[in-house]
Every structure is written in structure tokens, then in C-alpha cells.
Amino acid sequence: MSSFQKPDHDELAGTEQPFVAHLMELRDRLLRAVIAIAVCFGVLCFYPGPGQLYDWLAAPLVANLPEGTKMIATNVIAPFFVPIKITMLAGFMLSLPIVLYQAWAFVAPGLYSHEKRLVMPLVLSSTLLFFGGVAFCYFFVFGQVFAFIQSFAPKSITAAPDIEAYLGFVMNMFIAFGAAFEVPVVVVVLARMGIVSVEKLREWRGYFIVLAFVIAAIITPPDIVSQLALAIPMCLLYEVGLFAAKYFVKHTQAPEDAEDQSSSEAR
């Protein structure tokens, strides 16, 4: 049976719902996700509090500033709004598993069993990889980058970074490293959808290494430390993606595709 033909028995037959029912379910799922974000935001406002969250976020930079130097706020309302923004971001990240579960629960009834075996692991792995990229950036990259930058600062300059500018820098770096750590997921999806074979991806390994260093040079500060800290993990994660792609392609095939592959191997 061709991979483009439907099986004799469609396991989704009889599960169709009216369009209005889909809209109502979507509304309920979105409402639950918003409530989860709001609850996490409210809890973080009480403990540890917006001010403490910003102090934690600023700790890698403050640790590398000259002794007695603090960050400044050039906007009158910045000392209030910047910590609130960080608390909202932290609340969203804390509630992300619930948000992703609501998205998964909405689309799962319309997926075949072999598709569910692919989607759920990808959702979980992409979430963990994104958090891993953010954590790697905060605990390792920030300390190295700020120490490197301060070592070049002239003695006649007193560094006093603005809190809004720092928040923008942190957000850009978090997004860059979080997205870069999604390389294995991209590799698996490309291979599983049949866009590129695993063998071809292995052949393109050298091109990807060059691409990783180009991307690192574009989206990170102009220092060798942050560029290497982004490019090297991307290259390593590409190898992880190649290994995972081979497993996913084999274990998430449709039943008819698996039968065709077995019969072709038997011949």
C-alpha cells in the first residue's frame, strides 16, 4: 500500500465534531492557559516578588561591575514596569507545561496514533531544550561575557547599565540560545517529514558547522566568548538530532508505511 493511500480502517472515523464545538473547546483551552499564567504571575508577585526576580536576573552583570556600582533607571516608571515585565515572563515560563498541555489536548483528538507518538515527545523535548538554552545562557554565558567586556573597559569609564537596556539584551540572548537549542527538534522534523533524509543531513554536517558560526556571529555580542558559547552547542546538538532522527523515523511510521518497508526489506 502506498504511503499516500489511507488505510482500510480509519481510526478517526466518527470522531468529527461540529465547527462550533471546536471553537468552544478552543475557548476553554485558551482560558485555562490564561488562568494558569495569571496564577503563576500572582504567586511570583508575592514570592519572591518582582524586585527579587530582577535582582536574580541582574546578578551575573552586577557581579562583574566595579565595586560599589549599581544599575540605573533613566525612565521614571522603569523601576516599576521592568520588574513587572520580568515577573510576567517568569510566570509564562513557569506555566508553560500547562499551556503546552492545553495545546496538545486540543489537537490530539485529530491525530492518528502514530502521529501522537511523534508530536508529544517533540513538544516535551522542545520545551526542555528551550529551558536548557536559557539556563545555559544565564549560568554560563552571561558570567563569561560580562567579565570579558568589563576587562576591556577603560579605567576612566564607570559602567552603569540601564535596567531597560539590560532587559532587552537579556531577552535577545535568551531567545537566541533557546532557539539555538532547538536544533535537534528541527533535524528530527525535517527527517520525519521526508524533506531531507538522515543520510543527506550527515553529508551537510560541514555546511551546518559554518552556518552555526555565522549565526553566532550575527545574533550574539561581538565577542569571541559568546560566539563560541552559541556555535559549539549548536554543532553538538546537530549530532544529537541526527541520532534522534534515525530513531523517530523508525518508530513513528504509519502502520501501512511500516508494512511496506518490511516487505521491501524482505525482498
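Start with the largest nonpolar core, which has 53 residues; a nonpolar core is a set of buried Ala, Val, Leu, Ile, Met, Phe, Trp, Tyr and Cys residues joined through side-chain atoms within 4.5 Å. Select Tyr-54, Met-71, Phe-142, Tyr-166, Phe-174 and Phe-177, the residues with the most contacts inside this core. Next, colour α10 (224-251), the helix that gives the largest share of the core, 11 residues. Helices here are DSSP runs (H or I, at least four residues), numbered from the N terminus.

A word on what you are viewing: this is a predicted model, where local features need pLDDT of at least 70, side-chain atom pairs count only at pLDDT 80 or more, and totals for chains, interfaces and linings use all residues. Residues are numbered from 1 along each chain as its sequence is written, and side-chain values use heavy atoms, with hydrogens and water left out.

Now zoom in on Met-71.

Last stop: Arg-29, in helix α1 (residues 19-46). Is Arg-29 buried or exposed? Arg-29 is buried, with a relative accessible area of 17%. Show Gln-102, Ala-105 and Phe-106 too, as Arg-29 touches them, again leaving out residues up to four places away in sequence.

Methods
Helices (H or I, at least four residues) and strands (E, at least two) are DSSP runs, numbered from the N terminus. Buried means under 20% relative accessible area, exposed over 50%, partly exposed in between (1.4 Å probe, protein chains only). Contact means heavy atoms within 4.5 Å.
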